[in-house]
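Biologist: Hi! Could you walk me through this model and what its side chains are doing?
Modeller: Happy to, let me bring it up.

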Amino acid sequence: MSSTDTGVASAVLRTATGREATRWVAAHCRDAPWLTAATVLTTVAGAALQVLPVFLLGQVVDGVVAGEPHSILVTIGVLMVTAALLGAAAAAASAYLIGRLGAELLARLREGAVRAVLGLPSARIEQVGRGDVLSRVGDDVAVVSRGIRAAVPTVFSAGVLVVIATAGMFGLDWRLGLAGAGALPAYALALRWYLPRSAPLYRRQREAQADRAQALISGLNGIGTVRAYRLEQVFREKVAAESWRVRELGIEVFRLFGRFVGRENRAEFIGLVLIIVVGYVLLEAGAVSLGEAAVAPLLFHRLFTPLGAIMFTFDEAQKSGASLTRLVGVLGEATEERLVGGAAVARADSGPYPVTVAGLTFSYPGSERPVLDDVDLVIPAGGSLALVGATGAGKSTLAALIAGIGTPQAGSVRIGSTDLADLDEAGARVLTSILTQETHVFSGPLADDLRLAAPEATDAELMDALRTVGAGTWVETLPDGLDTVVGEGGERLDGTKVAQIALARLVLGRAPVVVLDESTAEAGSQGAAELERAVLAACRGRTSLFVAHRLTQAMAADRIAVLDAGRVVEQGTHEELVALGDRYARLWRAWRDGSQGS
């Protein structure tokens, strides 16, 4: 069982270590060996060709000193121009290949992150908040994308050029190479000072951006409530506070980077002074030629541009690295494998399955009192059970657990002989389908919306499902039938039609157990009777659990269970519970009198 199941999971999604992120990148580079090899080869060739003219310049100096003929100078000039042209071509090819390799890695990362988020348990999504989730699949992907386009090609190409130029200095004379290497301790000290301070700072910046997104989302999603209680100023101040926090961290990041640049400039000064002094001493001793003594500082100076490029893109690279660890961390959220054996055969065409709830106890993290306490229920195969009770009694929580969303602290939910605790949510969805009052129609053709539940369904099967729930008549009148665009920017659908589409998806899903959590509550009273008939038609032949919004739904069920404070206090048929004269009977009389009065 994962930490999420035990209630001790982190309040934010996991963030990977730098080593884990590096391993992920290396693994995907190995999956494209030819592209990776071509990228490395063109980058090395481009760097070598950029350094070659500097060496040729040294040959020019020595040729002039030695009184060589002008033809040699012309030859060297032609070689320098050729090297420059080939180097430019190699650099262009390198930039293209790095961009292509990075784009493929980004595509895999984006797809994997979205797939992992969609596969997370619903309880985990609620625990971490939508802001953290959206900032990772949105903002973090955008940051990594910018890094791949700008920082990664620059850092990689510049790094290779630094290695080639350093090797060239050692090739001139090992003492000149050591003089240039004398700047390395200063560079190393600068990085040692910067990296431990920058990585946590960038991580805090990304987390602050996630908190800002969460504040925005919560305010916009509940804008009706905000306006009703005149809380606009409260939410404005909350968003402003989170935005200022992001701003302050951004300023702190820039200030830290400025201090890092100062330390890098100091390292460059140290290296250049050492090379000039050592070159002069060696030249005076006759150990090197004038051309070699002139080439060494030029080579070191040649490092200034790539090192400066690395420094000035290091900020973007660090941001990309921080976002990469957050995205790879999301991939790690779903690494735990659970048993899904047997789920594949548990289909509606294999017959309905009984539902057995035994000793079920569940509480939310941080809650002192369990929402459900030692609940026992049995729904026979193909039978139906309605849950009724006051708000907060635990009806929706019990429905979610029976649908495989969440894991109880004690007890079990079994579909046939399968314990849902042995399945992940994907496996549980093969056995159960849940329909809540928060139905949604996606923007696009109606057929595509329905095929979310059955991708291989034919148009005839789609129409059969729509007719089953009473939607066939109005669908046939649509301008383009099943190809009519619905949802945002498309055909306007009222609450009853939206509920019928959701019920049609339930029919197409063919799960042997269906859970309906007040799924027709938003349709309004006008279409209530029609939808109740549609619900019964959609659930025919399946084991069904209803969280009853209207007691007429409870009447239609085979049995009724009354929940109070997380416990089942009454069970029986409608007639039995009315005759008992206890809680359900009082609810029934109050509902009946209210319905007659209206």
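Modeller: Let's start with E248, which is partly exposed because its relative accessible area is 41%. One caveat before we go on: this is a predicted model.

Biologist: Thanks, noted. Which residue does E248 form a salt bridge with?
Modeller: With R247, and the closest N and O atoms are 2.3 Å apart. R247 counts as partly exposed too, because its relative accessibility is 39%.

Biologist: How many salt bridges does a search of the whole structure find?
Modeller: The search finds 12. One of them joins the side chains of D464 and R467, at 3.5 Å from N to O.

Biologist: Where do D464 and R467 lie?
Modeller: Both are in helix 14, residues 459-468. They are 3 residues apart, about one turn of the helix. D464 has a relative accessible area of 45%, so it is partly exposed. R467 is partly exposed as well, because its value is 44%.

Biologist: And what does E476 meet in a salt bridge?
Modeller: R467 again, with 3.3 Å from N to O. E476 itself is exposed, because its relative accessible area is 51% and the cut-off for exposed is over 50%.

Biologist: Let's switch to the nonpolar side. Which members of the largest core touch the most other members?
Modeller: That core has 46 residues, and the ones touching the most other members are L450, V475, L482, L503, L516 and Y584. Helix 16, residues 495-509, gives the most to this core, with 9 residues.

Biologist: What is L516 in contact with, leaving aside neighbours within four places in sequence?
Modeller: L435, L503, L506, V535, C539, L545, F546 and V547. There is also a second, separate core of 29 residues, and V355, V375, A403 and V515 are among its members.

Biologist: Which residues form a nonpolar patch on the surface?
Modeller: F269, I270, V273, L274, V277, Y280 and V281, with about 640 Å² of accessible area together. F269 sits in helix 9, residues 232-284. It counts as exposed because its relative accessibility is 57%.

Biologist: Good to know. How many aromatic pairs does the structure hold?
Modeller: It holds 3. F257 and F260 make a tilted one, at 6.2 Å centre to centre and 45 degrees between the planes.

Biologist: Are F257 and F260 buried or exposed?
Modeller: Both are buried. They lie in helix 9, 3 residues apart, which is about one turn of the helix. Ring pairs also bring in Y194, so that Y194, F257 and F260 are linked into a cluster.

Biologist: Now a charged one. Is R326 buried or exposed?
Modeller: R326 counts as buried, because its relative accessibility is 2%. It is found in helix 10, residues 290-333. Not counting residues up to four places away in sequence, R326 touches R14, T15, D132, S135, R136, D140, R206, E207 and A210.

Biologist: Where is A565 placed?
Modeller: In the loop between strand 11 (559-564) and strand 12 (567-572). A565 counts as partly exposed because its relative accessibility is 44%.

Biologist: Last one, the overall picture. How many helices and strands does the protein chain come to?
Modeller: The secondary structure comes to 20 helices and 12 strands. Among contacts with a separation of 6 or more, 77% are between residues 24 or more positions apart. The chain exposes about 29600 Å², and carbon and sulfur atoms supply 59% of that.

How values were computed. Residues are numbered from 1 along each chain as its sequence is written. This is a predicted model: local features need pLDDT of at least 70, side-chain atom pairs count only at pLDDT 80 or more; totals for chains, interfaces and linings use all residues. Side-chain values use heavy atoms; hydrogens and water are left out. A nonpolar core is a set of buried Ala, Val, Leu, Ile, Met, Phe, Trp, Tyr and Cys residues joined through side-chain atoms within 4.5 Å. Buried means under 20% relative accessible area, exposed over 50%, partly exposed in between (1.4 Å probe, protein chains only). Helices (H or I, at least four residues) and strands (E, at least two) are DSSP runs, numbered from the N terminus. Contact means heavy atoms within 4.5 Å. Patches are made of residues with over 30% relative accessible area and no salt bridge: like charges are joined within 9 Å, nonpolar side chains (Val, Leu, Ile, Met, Phe, Trp, Tyr) within 5 Å. Accessible areas come from the Shrake-Rupley method with a 1.4 Å probe; for residues, only the protein chains shown count as cover. A salt bridge is a side-chain nitrogen of Lys or Arg within 4 Å of a carboxyl oxygen of Asp or Glu. Rings of Phe, Tyr and Trp (its six-membered ring) pair if their centres lie within 6.5 Å; planes under 30 degrees apart count as stacked, over 60 as edge-to-face and the rest as tilted.
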